[in-house]
Amino acid sequence: MTSETITADVSGTWHLGDLPVHRLGFGAMRLTGSAAFHQGTPSDRGRSIAVLHRARELGVNHVDTAAFYFSALRSANELINTALAPYPDDLVIVTKVGPHRDHSGAWATAARPDQLRGHVEENLRQLGRDHLDVVNLRRMGQDSIAEHFGALAELRTAGLIRHLGVSDVTARHLDEALAIAPVVCVQNRWGLDRRDADTDELVRLCGERGIAFVPFFAVAGEAGSGGGATSHHDEAVLAVARAHDATPAQVRLAWTLHQGRHVLAIPGTGNPDHLAENVAAGALRFTEAELTRLDASHTGPPA
């Protein structure tokens, strides 16, 4: 498939609260280096800024980031601010709070509820904004998220945050959050070969409730993470890729988008060519037989 002429609007549109976004967005984690966080080597700053400019040229209007996305030399938020400010009216920047890294890059203790305002203000400072469009509370293993989510709800009331989401949660945590304030999105790890019945059920529940489900590491494979797309593909993925003259990563992204109008995708990359391929995945349309075959890869037993 020809990637260079396909733009993000082909993936369709969903609303995060009152904010419309194309269903194919961009994750900023890989802007900072060859692998997530302190792993790999820092990115070339000019190239990362070029990726963000290219994302806008391709119609991307949903960027996912966090203050803890940084490497030894690069900060995702600083790159976004440099490349995209003054921000276009249609651009929605989603960030997350809860995890914390100190200035050396080491992971520190997850934020207490009373520390979340500082996390929000750090994102505001780095991005150069007076409010954040969407803030996800990333659960860090706690049994209840009520106190943490309640602290963010207070910041929403104060005008620092427009909409709230939750990340790395179960259906029980989502219910807990909804009892406090509206939730516009859920971010959990999920993908074609991420076989997790509980998350599958959460995807369904989000659809019923009109909440966006925004998976991360959707192309990383079962064992992968922030290092990039997996190179291990079963025959179903390879066959569908051949039939559409597409890459396996494009098939994985397109399968994600086929799971419901409320399911979005935020693939990340520091490579302009990969960016165009990711955006083009929004144009893939599977036959019923192809989708059935791919679904079987998702629900079947691990190889």
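A salt bridge is counted where a side-chain nitrogen of Lys or Arg lies within 4 Å of a carboxyl oxygen of Asp or Glu. The structure holds 15 of these salt bridges. The model is predicted: local features need pLDDT of at least 70, side-chain atom pairs count only at pLDDT 80 or more, and totals for chains, interfaces and linings use all residues. Residues are numbered from 1 along each chain as its sequence is written, and side-chain values use heavy atoms, with hydrogens and water left out.

Side chains of opposite charge can pair when their charged atoms come close. Helices (H or I, at least four residues) and strands (E, at least two) are DSSP runs, numbered from the N terminus. Arg56 is partly exposed at 24%. Asp90 is partly exposed at 37%.

A second salt bridge joins the side chains of Asp114 and Arg112 (3.0 Å, N to O). Asp114 is exposed at 56%, while Arg112 is partly exposed at 46%. In helix 6 (residues 197-209), Arg204 and Glu208 lie four residues apart, about one turn of the helix. Their side chains meet in a salt bridge of 2.3 Å, N to O. Arg204 is partly exposed at 38%; Glu208 is exposed at 55%. Together with Glu201, these two residues are linked in a network of salt bridges.

Strand 7 (residues 161-167) is largely enclosed by the rest of the structure, because six of its seven residues are buried. Strands are taken to pair if DSSP finds at least two bridges between them. Strand 6 (residues 132-138) runs parallel to strand 7, and six bridges join the two. Here Val134 stands opposite His163. Strand 8 (residues 185-187) also pairs with strand 7 in the parallel sense, over three bridges. Ser167 has Gln187 of strand 8 as its bridge partner.

Strand 6, helix 4 (residues 146-157) and strand 7 make a right-handed β-α-β unit. Strand 7, helix 5 (residues 171-178) and strand 8 make a right-handed β-α-β unit. Right-handed means that, with the strands pointing away from the viewer, the path from the first strand over the helix to the second runs clockwise.

A nonpolar core is a set of buried Ala, Val, Leu, Ile, Met, Phe, Trp, Tyr and Cys residues joined through side-chain atoms within 4.5 Å. The largest has 78 residues, and Val166 is among those with the most contacts inside it. Contact means heavy atoms within 4.5 Å. Beyond its neighbours within four places in sequence, Val166 is in contact with residues including Leu137, Phe149, Leu174 and Val186. Apart from this core lies another, of 13 residues, among them Val94, Val134, Cys185 and Leu264.

Thr95 sits in strand 5 (residues 92-97). Thr95 is buried, at 0% relative accessibility. Its side chain makes a polar contact of 2.8 Å with that of Asn123. A polar contact is a pair of N or O atoms within 3.5 Å; within protein, one must be able to donate a hydrogen and the other to accept it, and residues adjacent in sequence count only if both atoms are side-chain atoms.

Technical notes. Buried < 20%, exposed > 50% of the residue type's maximum accessible area, 1.4 Å probe, protein only.
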